[in-house]
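I am opening a notebook page on this structure, to keep a record of what I looked up and under which criteria.

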Amino acid sequence: MGPVPGRVLLLDDHSDLAADVSEILTRELGVKVTVAGDAATGLPLAGAQCFDVVLVDVRLPDASGLELIAPLKQACPRCEVVLLTGNASVESVIEALHAGACGFVLKSFRPEQLVKTVAQALEKAALRREREVYERRYHALVNAADVLVVGLRPGGSVAFFNPKLAELLGVDPAWAVGKPFVASWVDAVDARRFESALASVLDGEAVQELEIGMPDAEGAVRRVRWHLSGARESGAGGIDHVYGIGVDVTARRALERRAASAEALNAMAPLALGLAHEIRNPLNAAVLELHLLARGIERLEQSEAREPMRRRVHVVESEIRRLERLLTEFLELARPRPPEHEALELGRVIAEVVELESQATKRSGVQIEQHLESGARVVGDQAKLKQVVLNLVVNALDAMPEGGRLDLRLGVEADDVVLRVADTGKGIDPRILAEVFDPFFTTKPAGTGLGLAIVRRIVDQHGGRVSLASTPGEGTTAVVRLPCAPSPESAARPS
Ligand SMILES: Nc1ncnc2c1ncn2[C@@H]1O[C@H](COP(=O)(O)OP(=O)(O)OP(=O)(O)O)[C@@H](O)[C@H]1O
Ligand SMILES: [Mg+2]
């Protein structure tokens, strides 16, 4: 053990002895020794400076060395305390060790004994300091890293979460400790895959990588890619811990999904055009024939036969209208017309939609509340933006067949015109929330699943953003943000 440079505080009232000890330690260990003759001067010194080792005489004029150990450790938490004593009984040794001393030097000692004991204490202090540095680095890394970290015990219970993972899952990291990881936080469909990856790592197989779903604090399923590896924390034996480093790939997957659906729609364009052409003509012919049929019915002699026939005509008419809508929406998605660019008041567009849907709202007992700030102007395509509002309002009404409240809010926030369409309907299951913008995704028996896909496409074309937030059982809010029309005069002079 070579000499360890460090700082030593010596508390002893025998000045001759203190001078000898100082000289020996300075010479043999290259340490800097500070001497104090009593506790009253020694304790404040220990608090003010950072010592590695404090050598304390058991009998000081104003205190007992044994009683000083605790206050010394409190004043200078990183120091090691060594006692200088004339006679050490087994009891006093035990008491001193309990109080936190790390060693003894019996008076009268040989210089080698003194040097050896102090060198050991210095080494211990240095190791403690080194360990603290590592721990700080480790904590900084685990806490600051932009990745998710989990430690798992062989049974699959949580040993620790880093703050980022705890935040994602909406739990307190300390509370998570000991909970079964898979049962508590892994999406049921991925549970078996995760468990078998865990088992392989515990069996000593190399790193396992897998992507799983994890319900977050709001219940929405996040996609997380995990990298699992085994560790031996106890040093001996087999693998006794599994560490997981995870990356939240939800946003990436959503982008991939959007790219894939855009590609699918583009691929469908020629087919859609051909189909539209083929269907439109017979459809028009059918509508024409239907009108003639309706007229014929009105001219019928037997008036009692008219009513059931009118009803049938009405059914066929509404089915044809549905087909037409499907065709128009499909075309809008597959081969969108480039948007017009005119400055317009979004409030007017909303008022038109409310007017259009007034019958439907009355029928289902829905109350409409409107908070429409005037002067919320955007540059865009009136017909397309009307389609956006209409699709959102229709979805809201569909969600409230037994009545409820539809809240329409329009305002300006920073450089955006913001429209919020909120309903008090059944809400959206968080597990499907990521899919509702996909074309053809629908939960309605007669839905096309194109409504929100069109909303997103049009909002994208206008340089805006659209999002949905929902609480099952409470309702859904759609938020559309569009850039404000860049016209200072018209903004200052609301029409
Ligand atoms: N306000 C809402 N409340 C509850 N669920 C909604 C709401 N808006 C959308 N959804 C869900 O999102 C799905 C997709 O909506 P989208 O408008 O794209 O299609 P759709 O309404 O099913 O059919 P379409 O609009 O073509 O008639 C819906 O089937 C529904 O499950
Ligand atoms: Mg819809």
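**Ligand shell**

I began with ligand 1 and found that α14 (382-398) and α15 (451-461) each supply at least two residues of its shell; helices here are DSSP runs of H or I with at least four residues, strands are E runs of at least two, and both are numbered from the N terminus. The model is predicted, so I note that local features need pLDDT of at least 70 and side-chain atom pairs count only at pLDDT 80 or more, while totals for chains, interfaces and linings use all residues. Residues are numbered from 1 along each chain as its sequence is written, and chains are lettered from A and ligands numbered from 1 in the order in which they are written.

I then listed the 22 residues around ligand 1, of which Ala399, Thr442, Gly447, Gly451 and Leu452 come nearest; a residue is near if its C-beta atom, placed from the backbone, lies within 6 Å. By class I recorded eight nonpolar, eleven polar and three charged residues in this shell, with Gly counted among the polar ones and Asp, Glu, Lys and Arg as charged.

**Ile428**

I located Ile428 in the loop between β17 (416-423) and α15. Ile428 counts as buried because 21 C-beta neighbours lie inside 10 Å, the cut-off for buried being 20 or more. Leaving out residues up to four places away in sequence, I found Ile428 touching Leu433, Val436, Leu468, Ser470, Pro472 and Thr476, where contact means C-beta atoms, placed from the backbone, within 7 Å.

**Domains and sheets**

I took the domains from the assignment, which is automatic or from a database: domain 1 (7-140), domain 2 (145-248), domain 3 (254-334) and domain 4 (342-492). Over C-alpha atoms, the centres of domain 1 and domain 4 are 74 Å apart.

I traced an open sheet of five strands with parallel pairing, in the order β2-β1-β3-β6-β7; strands pair if DSSP finds at least two bridges between them. Because β2 (32-36) and β7 (101-106) stand at the edges with a single partner strand each, one side of each is left without a neighbour in the sheet. Within this sheet, β3 (residues 53-57) and β6 (residues 80-85) are joined by five bridges, and Val53 has Glu80 as its bridge partner in β6.

I also traced an antiparallel open sheet of five strands, ordered β9-β8-β12-β11-β10. There I noted five bridges between β8 (residues 148-152) and β12 (residues 241-248), with Gly246 in β12 as the bridge partner of Leu148.

Terms used:
A residue is buried if 20 or more other C-beta atoms lie within 10 Å of its own, exposed if 12 or fewer, and partly exposed in between; C-beta atoms are placed from the backbone. Two residues are in contact if their C-beta atoms, placed from the backbone, lie within 7 Å.
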